[in-house]
Amino acid sequence: LRKFLFDNVYFNPVAKSEETKACDMINKMYEYFCIHTDKIPFEYRKNLEIGDSVERTVCDYIACMTDRFAVQTFQNLFIPKKWAIL
């Protein structure tokens, strides 16, 4: 199982080619949420009230995202929506 995971998941050339994009996506969301703390869900934002830094709070929020939710959040924040034709 270990060999399979390393060969087919961790070091897979297709997955590795997406690594830079994933890092950029996370960095952009980090910068966004550090500025727009009001967009962080309350269950994370309440940590600011008990003394956690904005940076720690944003890291905790992003770290708890699933891959699918992170991509969806990034798309909602940064990818223009198609305009409806009236």
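## Where α4 meets α5

Which residues in α4 meet which residues in α5? On the α4 side they are Tyr44, Arg45, Asn47 and Leu48, and on the α5 side Val54, Thr57, Asp60 and Tyr61. Contact here means heavy atoms within 4.5 Å. Sorted by class, the contact of α4 with α5 has four nonpolar, two polar and two charged residues. For the classes, Ala, Val, Leu, Ile, Met, Phe, Trp, Tyr, Cys and Pro count as nonpolar, Asp, Glu, Lys and Arg as charged, and the others, Gly among them, as polar.

Helix α4 covers residues 42-49, and it packs with α5 at an angle of about 160°, the axes being 9 Å apart. That makes α4 roughly antiparallel to α5. The cut-offs: angles under 35 degrees are roughly parallel, over 145 roughly antiparallel, 65 to 115 roughly perpendicular, and the rest oblique. The α4 and α5 crossing is right-handed. Right-handed means the near helix is turned clockwise from the far one by less than a right angle, left-handed that it is turned anticlockwise.

## What kind of model this is

This is a predicted model, in which local features need pLDDT of at least 70 and side-chain atom pairs count only at pLDDT 80 or more, while totals for chains, interfaces and linings use all residues. Residues are numbered from 1 along each chain as its sequence is written, and side-chain values use heavy atoms, with hydrogens and water left out.

As for confidence, the protein averages a pLDDT of 93, and 99% of the residues score at least 70. pLDDT is the predictor's confidence in each residue, on a scale from 0 to 100. Helices are DSSP runs (H or I, at least four residues), numbered from the N terminus.

Thr57 is found in helix α5. With a relative accessible area of 1%, Thr57 is buried; the bands are buried under 20%, exposed over 50% and partly exposed in between, using a 1.4 Å probe and protein chains only. Leaving out residues up to four places away in sequence, Thr57 touches Ile40, Tyr44, Arg45, Asn47, Leu48 and Asp52.

Now for Asn47, which sits in helix α4. Asn47 counts as buried too, at 17% relative accessibility. Not counting residues up to four places away in sequence, Asn47 touches Asp52 and Thr57. C-alpha to C-alpha, Asn47 and Thr57 are 6.6 Å apart in space, and ten residues apart in sequence.

Start with α3 and α5: their axes come within 9 Å and cross at roughly 135°. That makes α3 oblique to α5. Axes are lines fitted to C-alpha atoms, for helices over the stretch in contact, and angles run from 0 to 180 degrees between N-to-C directions. The α3 and α5 crossing is right-handed. From α3, Ile26, Met29, Tyr30, Phe33 and Cys34 meet Val54, Glu55, Val58, Cys59, Tyr61 and Ile62 of α5. By class, that contact of α3 with α5 has ten nonpolar, no polar and one charged residues.

Helix α3 (residues 19-35) also packs with helix α6 (residues 67-78), where the axes come within 10 Å and cross at roughly 60°. α3 and α6 are therefore oblique to each other, and their crossing is left-handed. Met25, Lys28, Met29, Tyr32 and Phe33 of α3 make this contact with Ala70, Val71, Thr73, Phe74, Leu77 and Phe78 of α6. The residues of the α3 and α6 contact divide into nine nonpolar, one polar and one charged. Thr73 of α6 is buried, with a relative accessible area of 9%. Beyond residues up to four places away in sequence, Thr73 touches Met29, Phe33 and Met65.

## Leaving α3

Ile35 lies in helix α3 and counts as exposed, at 65% relative accessibility. The C-alpha atoms of Ile35 and Glu55 are separated by 10.0 Å, with the two residues 20 apart along the chain.

Thr37 lies in the loop between α3 and α4. Thr37 is partly exposed, with a relative accessible area of 22%. Setting aside neighbours within four places in sequence, Thr37 is in contact with Arg45, Leu48 and Val54. Between the C-alpha atoms of Thr37 and Val58 there are 8.1 Å, and the pair is 21 residues apart along the chain.

Key. Helix = DSSP H or I, 4+ residues; strand = E, 2+ residues; numbered from the N terminus.
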